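Subject: Structure handover and notes

Dear colleague,

I am passing on the structure below, and would be glad if you could read my notes alongside it.

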Amino acid sequence: MSKKGGSKYRMLSAKAIRWTGPVLAIAGWLATMVPSMAAATYSNNDYRACAGQLLRLNINTNSASQACASALRPRELSRCVVKISRQTQISAVDALNSCTLARRPEELATCVVDISLYPSKEAANPAILNYCGRSLLPVSFSQCVVGLRTETKSALVPTLDTCISGSDRVSSFVPSSTSPLQPTTQFNPVFESTPIPVQPVNK
């Protein structure tokens, strides 16, 4: 190869390197962006995340789809099922039924787990799901059950009954706008019981 030809070859090689570097850099950047975009899409889609979590708990596709589609907050629903099924002996299917009906799924899960674990780990007991689902304040209800059982060593179901009755009374209390120090004045109108005589009509 002549010196002139070698010089041209080196010039072309240098240009190729200058062009190849940026192209490879862009290709590498795109390669790293695609998984990141996919992960962002997954994390931002509550329904997909909900369905994925339920399917990993071996809940069938139809039940998972219907539950996530009808949920107001799909992520809270799936987190409720995951927490109960993993931290208690209650099945994911039973947990899903209760979490779907709950107004506050995550509070329901906390209630079920706390009662199931303390003061000793309970066997799978559908009564816990039922009572936590009935309570308007699931976390307060579970604190009541756990606290009473820890101190009194009472059985589970009687304690559930005691605490649910107490929470019902608290939730049904409506504060009065009248101060308890001020007697309520009640107006009782008195109506005449004697009929008013009718004047005869002159013809």
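Predicted model: local features only at pLDDT ≥ 70, side-chain atom pairs only at ≥ 80, totals over all residues.

A search of the whole structure finds one aromatic pair, where rings of Phe, Tyr and Trp (for Trp, its six-membered ring) pair if their centres lie within 6.5 Å, and planes under 30 degrees apart count as stacked, over 60 as edge-to-face and the rest as tilted. The partners are Tyr-131 and Phe-141, and because their ring centres are 6.5 Å apart and their planes lie at 5°, the pair is stacked. It links distant parts of the chain, with Tyr-131 in helix α7 and Phe-141 in helix α8, 10 residues apart; helices are DSSP runs of H or I of at least four residues, strands are runs of E of at least two, and both are numbered from the N terminus. Both Tyr-131 and Phe-141 are buried, where buried means under 20% relative accessible area, exposed over 50% and partly exposed in between, with a 1.4 Å probe and protein chains only.

Residues are numbered from 1 along each chain as its sequence is written, and side-chain values use heavy atoms, with hydrogens and water left out.

As for the cysteines, a search of the whole structure finds four disulfides, a disulfide being a pair of cysteine sulfur atoms within 2.5 Å. If the bonded cysteines of the protein are numbered in sequence order, the pairing reads 1-2, 3-4, 5-6, 7-8.

Cys-50 is buried at a relative accessible area of 0%, and Cys-68 counts as buried at 3%.

Cys-111 and Cys-132 also form a disulfide, with their sulfur atoms 2.1 Å apart, and this link is left-handed, with -75° about the S-S bond. Cys-111 lies in helix α6 (residues 105-117) and Cys-132 in helix α7 (residues 126-134), so the pair ties together parts that are 21 residues apart in sequence. Both Cys-111 and Cys-132 are buried.

In the disulfide of Cys-144 and Cys-163 the sulfur atoms are 2.0 Å apart, and the torsion about the S-S bond is about -80°, so the link is left-handed. Here Cys-144 in helix α8 (residues 138-152) is linked to Cys-163 in helix α9 (residues 156-172), 19 residues apart. Cys-144 is partly exposed, with a relative accessible area of 29%, whereas Cys-163 is buried, with 3%.

Finally, Asp-46 is in helix α2 and is partly exposed, with a relative accessible area of 31%. Leaving aside neighbours within four places in sequence, Asp-46 is in contact (heavy atoms within 4.5 Å) with Pro-74 and Arg-75. Asp-46 and Pro-74 are 28 residues apart in sequence and 5.8 Å apart in space, C-alpha to C-alpha.
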